[in-house]
Amino acid sequence: MKRPRIFLAAGMMFLCLCSLAQSRKDKNPVTYEELYDEPYQINKLFVQFQPMYGELYVSNVNAGFGLEATYFWKDKMTFRAHGRLTYFKRFDFTRDLAEKNSNVQNVPNVFNYYEAGATYHIKDFEESSSTKMFLYKKSYRGARWASRVPLTAEIPCKVRKIYGTRLGGIIFDTSVDINRSLEAQDKTSDVLVDTDGNSIPAVFTDGNGEEQELDIYSGQNVAGIYVGGSISWIKNVAVDFDSKYTEGVDDLIFTAFLDIIVAPSVGVDDIRYNGVVYSSDALDTSIIGFRAGIDGKFNRTWSWGYGGEVGIRPGLKGRGFYALVKISFPVFSTNLDYSVEAFGK
């Protein structure tokens with residue numbers, strides 16, 4: 001019984017030492033001077049390069065790069081355009097599989113995605129809030145900063161809130177695995193028929209005289225609109241702390257959104273095998289989808305941003321779920337005001 005007590009006492013002593021190590025001698029109140037607190041004085045145009053995005057899309061896992069632009073038109077509307085492509089074939093998973101394994105003559109689609117839209121500001125207002133800022137000294141650089149538990153100070157500030165309604169268009173192309181799509185819809189390849197009603201063969205004989213299942217890949221193209229709502233929080237405040245700490249800034253522009261997607265145009269390429277065309281019309285498609293997501297960036301000339309989405313896209317039924325993460329760097333922004341006042345002597 002002595003050993004457990006010894007270990008327990010040693011553990012309690014260790015916790016006490018950790019607590020003492022975390023105690024701070026610099027937890028004295030700090031003073032600050034407000035430099036600015038203007039959530040409406042943000043830059044108008046943001047252009048952000050996205051060197052990395054990753055998407056777990058049931059129809060086609062992919063990763064690549066993109067470009068996005070956002071324009072704030074006064075307190076009335078926000079416009080946004082975005083496009084992205086995969087790095088190369090191996091990051092376009094279903095396309096890569098199609099080129100390696102497909103037994104049909106369809107040319108695999110390269111994944112590409114484009115959208116453009118606008119947000120109308122139903123309510124754009126300002127209210128009192130607060131923000132937590134890290135207290136940072138230049139002496140904290142490197143390992144010293146990494147080894148500390150950062151102190152924070154809560155600073156009163158203004159926050160701009162925008163309740164908006166969103167409307168825009170979406171276009172994307174991708175390769176699709178027809179075998180998996182048929183399986184998701186509890187169907188077989190027998191539903192793929194030519195003009196005479198003959199079904200595509202389920203198997204074929206390889207060079208070794210053995211029967212193999214026919215791997216069928218095709219292309220999907222979708223065009224539609226999205227309509228939804230969003231809420232944005234904008235802070236643009238900076239303070240000058242006393243001489244011990246560097247300046248504190250909170251200039252985050254954060255948006256959360258929810259959209260319904262309606263795609264009147266959902267096309268799946270017919271299957272071409274041994275010179276015969278087999279219709280894809282028997283495959284079930286859905287024209288309705290949805291998504292929820294977030295976007296964040298900072299009101300600086302050069303900065304970074306992030307975003308994420310999860311939802312179900314229109315397209316082949318049972319194959320529309322996706323989750324997307326993207327990082328933006330650099331993000332360039334400007335207020336597009338290059339004029340200065342001139343006075344006569």
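How many helices and strands does the chain have? The chain has four helices and 19 strands, taken as DSSP runs numbered from the N terminus (helices: H or I, at least four residues; strands: E, at least two). The model is predicted: local features need pLDDT of at least 70, side-chain atom pairs count only at pLDDT 80 or more, and totals for chains, interfaces and linings use all residues. Residues are numbered from 1 along each chain as its sequence is written, and side-chain values use heavy atoms, without hydrogens and water.

Of the 345 residues, 41% are buried (under 20% relative accessible area; exposed is over 50%, partly exposed in between; 1.4 Å probe, protein chains only). The accessible surface is about 19600 Å² (Shrake-Rupley method, 1.4 Å probe; for residues, only the protein chains shown count as cover). Carbon and sulfur atoms hold 59% of that surface. Among contacts (heavy atoms within 4.5 Å) between residues at least 6 apart in sequence, 74% join residues at least 24 apart.

A nonpolar patch lies on the surface, with about 1000 Å² of accessible area together. Its residues include Val58, Leu167, Ile225, Phe290 and Phe321. Patch members have over 30% relative accessible area and no salt bridge, and nonpolar side chains are joined within 5 Å. A salt bridge is a side-chain nitrogen of Lys or Arg within 4 Å of a carboxyl oxygen of Asp or Glu. Strand 9 (217–234) is one of the elements giving two or more residues to the patch. Ile225 lies in strand 9 and is partly exposed, at 46% relative accessible area.

Gly275 sits in the loop between strand 13 (271–273) and strand 14 (276–278). Gly275 is exposed, at 77%. The C-alpha atoms of Gly275 and Gln105 are 8.3 Å apart, although 170 residues separate the two along the chain.

Technical notes: Patch = residues over 30% accessible without salt bridge, like charges linked within 9 Å, V, L, I, M, F, W, Y side chains within 5 Å.
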